[in-house]
Amino acid sequence: MNHSFGSAPSGIMEAPNVVLPNAKVFSKRATRLRELVQQVPPLDEFLAFMARLVQAQHQVLIEREPGWRPAEDAFDQALKHGLPPLGFQALRRDVPWHEDLLSMLDAMELHIGEIQRPLLKRLRESSREQLDALADDVLEARPGDETSRPLLPLVAAALQISWMRLAMALPRPPEKPVGEAKGLCPCCGSPPVASVIHNERHRAGVRYLHCSLCATEWHLERLKCSVCDSGAKLLYLTLDNEQGKPAMPVQAESCGECHSYLKVMLREEHGRADPVADDIASLALDMLLAEQGEYGRSGYNPLLIVGGD
């Protein structure tokens with residue numbers, strides 16, 4: 001494990017504070033997952049399944065016309081007053097995500113193995129009340145019980161489609177969150193899955209938190225803990241390969257003040273590094289940190305629900 005410190009961007013730049021998702025998020029993520037299948041052999045089957053799942057998300061996002069869309073001015077007041085316009089607690093019973101789930105299962109049907117087919121069957125046979133209970137677990141970041149847990153990533157994937165579609169349709173990005181809310185998505189109020197150091201010209205070297213639900217990104221200064229806002233005791237930990245170099249473009253930003261960590265995806269090192277895909281592929285880093293017992297994970301990846309404490 002390497003203990004290298006990150007660096008803040010130099011020079012004056014006017015990077016946007018909040019960036020709404022675009023229609024390429026899922027397709028780029030699926031491409032990255034397929035790359036990682038070859039690069040992380042111990043997880044190849046799981047990563048291949050996740051690539052098919054994310055490709056199905058992309059297919060539903062671009063092909064399915066939802067039966068319900070909010071009025072054009074539905075979120076004007078929330079945007080005006082600095083509230084998350086797509087707050088999942090307010091919209092959880094209004095968004096018809098069940099339709100996206102069924103379409104996603106249809107898109108996956110011919111592309112999965114026998115091991116996963118019972119999961120699709122269970123979801124198709126579940127009542128709306130049962131599905132809503134699963135969605136509540138996902139949205140509240142609860143691991144569910146042993147029987148329902150394998151279903152949660154599929155439910156989460158459908159919820160991501162629905163909320164990302166809504167975020168893409170917003171007339172403008174919301175304001176950057178401040179105070180206690182700065183670690184929560186300004187669009188939907190969900191926690192981040194990880195952060196990303198971008199390499200695009202207009203925001204090169206700038207760190208953004210990436211929403212676990214709607215894929216909105218919002219700026220957070222580098223060299224600051226996303227949980228407690230301290231920069232006094234940060235370590236940047238990586239997994240090294242046999243040559244002593246980082247095996248992936250991923251760091252765990254670990255805070256000695258609050259003893260939490262959040263992964264950082266370095267697009268400066270790999271232009272296609274993805275907050276969800278690379279988080280899944282770098283499970284070994286989570287396992288190593290869990291063994292050490294000093295830091296607790298703060299990022300939430302709803303496609304990777306592995307159990308309770």
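Does Pro 143 count as buried, exposed or partly exposed, and at what relative accessibility? Pro 143 counts as partly exposed because its relative accessibility is 27%, where buried means under 20% relative accessible area, exposed over 50% and partly exposed in between (1.4 Å probe, protein chains only). The model is predicted: local features need pLDDT of at least 70, side-chain atom pairs count only at pLDDT 80 or more, and totals for chains, interfaces and linings use all residues. Residues are numbered from 1 along each chain as its sequence is written, and side-chain values use heavy atoms, with hydrogens and water left out.

Pro 143 lies in the loop between α7 (128–139) and α8. Helices (H or I, at least four residues) and strands (E, at least two) are DSSP runs, numbered from the N terminus. Leu 119 is 24 residues from Pro 143 along the chain, with 17 Å between their C-alpha atoms.

Glu 180 counts as exposed because its relative accessibility is 84%. Its C-alpha is 9.7 Å from that of Asp 229, at a sequence separation of 49 residues.

The largest nonpolar core has 85 residues. Such a core is a set of buried Ala, Val, Leu, Ile, Met, Phe, Trp, Tyr and Cys residues joined through side-chain atoms within 4.5 Å. Met 104 and Trp 163 touch the most other members. Helix α8 supplies the largest share, 12 residues.

Strand β6 (residues 234–238) is mostly covered, with 4 of its 5 residues buried. It runs antiparallel to β7 (residues 250–255), joined by 4 bridges; strands pair if DSSP finds at least two bridges between them. Leu 234 has Cys 255 as its bridge partner in β7.
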